[in-house]
Amino acid sequence: ANTRVDIAAEITTFIDKVLSQSKEGAAGGEAAGNLKALKEYISTTLTEKIQSLLHGAAVKKTYWEKRNYEKAKGAKEDYVAYTCAVFIEMDAKKLAEAVEKAANFVAKQAEEKKVEGNVKEALKNVKEDFEKARKGEI
């Protein structure tokens, strides 16, 4: 698994969720169109930008589990599948820095798309909020 892609996708999803919960998400008219363009930027470009910011992430442990799915227990059909979990280690300061830089990329795009109002407000604590979310506190 590509650890940088996985981490970048998590950060992108978090930022997208934060923006979706902001008041700007309920904008109408031209602002709604501009917000849609910003969300498109997030989904297509931000993950790639974040990948370039991530350094020092390493896979420490990979765990594979064989699972038997049975029709009698709710599966659509009987089959065997494997799931994979990966423990990734990365310096917390570097991760926080990547989250902050990603939020700054989005804020800059918000200015260019003329939807900066609540976007900056929604993203102002993103570094701390990401850390809290990672710890399960929010």
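A charge sits over a ring if NZ of Lys or CZ of Arg is within 6 Å of the ring centre and within 35 degrees of the ring normal. Lys49 and Phe105 meet this definition: the charged end of Lys49 sits over the ring of Phe105, 4.9 Å from its centre.

This is a predicted model, in which local features need pLDDT of at least 70, side-chain atom pairs count only at pLDDT 80 or more, and totals for chains, interfaces and linings use all residues. Residues are numbered from 1 along each chain as its sequence is written, and side-chain values use heavy atoms, with hydrogens and water left out.

Now the overall layout. The chain has five helices and two strands. Here helices (H or I, at least four residues) and strands (E, at least two) are DSSP runs, numbered from the N terminus. Read from the N terminus, the order of elements is α-α-β-β-α-α-α. The chain has 138 residues, and 28% of them are buried. Buried means under 20% relative accessible area, exposed means over 50%, and partly exposed lies in between (1.4 Å probe, protein chains only).

Start with helix α1. Thr12 lies in this helix. With a relative accessibility of 6%, Thr12 counts as buried. Its side chain joins that of Thr47 through a polar contact of 3.0 Å. Such a contact is a pair of N or O atoms within 3.5 Å; within protein, one must be able to donate a hydrogen and the other to accept it, and residues adjacent in sequence count only if both atoms are side-chain atoms.

Aromatic rings come next. A search of the whole structure gives two aromatic pairs. Rings of Phe, Tyr and Trp (its six-membered ring) pair if their centres lie within 6.5 Å; planes under 30 degrees apart count as stacked, over 60 as edge-to-face and the rest as tilted. Phe14 and Phe130 have ring centres 5.3 Å apart and planes at 80°, so this pair is edge-to-face. Phe14 belongs to helix α1 (residues 3–20) and Phe130 to helix α5 (residues 126–134), so the pair ties together parts that are 116 residues apart in sequence. Phe14 and Phe130 are both buried.

The other pair is made by Tyr69 and Tyr79, and it is stacked: 4.8 Å centre to centre, with 15° between the planes. Tyr69 is in strand β1 (residues 58–69) and Tyr79 in strand β2 (residues 79–89), so the pair ties together parts that are ten residues apart in sequence. Tyr69 is partly exposed, at 27% relative accessibility. Tyr79 is also partly exposed, with a relative accessible area of 35%.

Stay with the strands. Trp64 lies in strand β1. Trp64 is exposed, at a relative accessible area of 56%. Together with Val80 and Tyr82, Trp64 forms a nonpolar patch on the surface, with about 380 Å² of accessible area together. Patches are made of residues with over 30% relative accessible area and no salt bridge: like charges are joined within 9 Å, nonpolar side chains (Val, Leu, Ile, Met, Phe, Trp, Tyr) within 5 Å. Accessible areas come from the Shrake-Rupley method with a 1.4 Å probe; for residues, only the protein chains shown count as cover.

Charged pairs follow. The structure holds five salt bridges. A salt bridge is a side-chain nitrogen of Lys or Arg within 4 Å of a carboxyl oxygen of Asp or Glu. One of them joins the side chains of Lys60 and Glu89, at 3.4 Å from N to O. Lys60 is in strand β1 and Glu89 in strand β2, so this pair ties together parts that are 29 residues apart in sequence. Lys60 is partly exposed at 49% relative accessibility, and Glu89 is partly exposed at 42%.

Glu65 and Arg67 form another salt bridge, with their closest N and O atoms 3.1 Å apart. Glu65 counts as partly exposed at 26% relative accessibility. Arg67 counts as partly exposed at 35%.

Finally, helices α3 and α5. Lys127 forms a salt bridge with Glu100, the closest N and O atoms being 3.6 Å apart. The pair links distant parts of the chain: Lys127 is in helix α5 and Glu100 in helix α3 (residues 92–112), 27 residues apart. Lys127 is partly exposed, with a relative accessible area of 28%. Glu100 is partly exposed too, at 36%. Asn125 lies in the loop between α4 (116–123) and α5. The C-alpha atoms of Asn125 and Glu100 are separated by 8.9 Å, while the two residues are 25 residues apart along the chain. Asn125 is partly exposed, with a relative accessible area of 36%.
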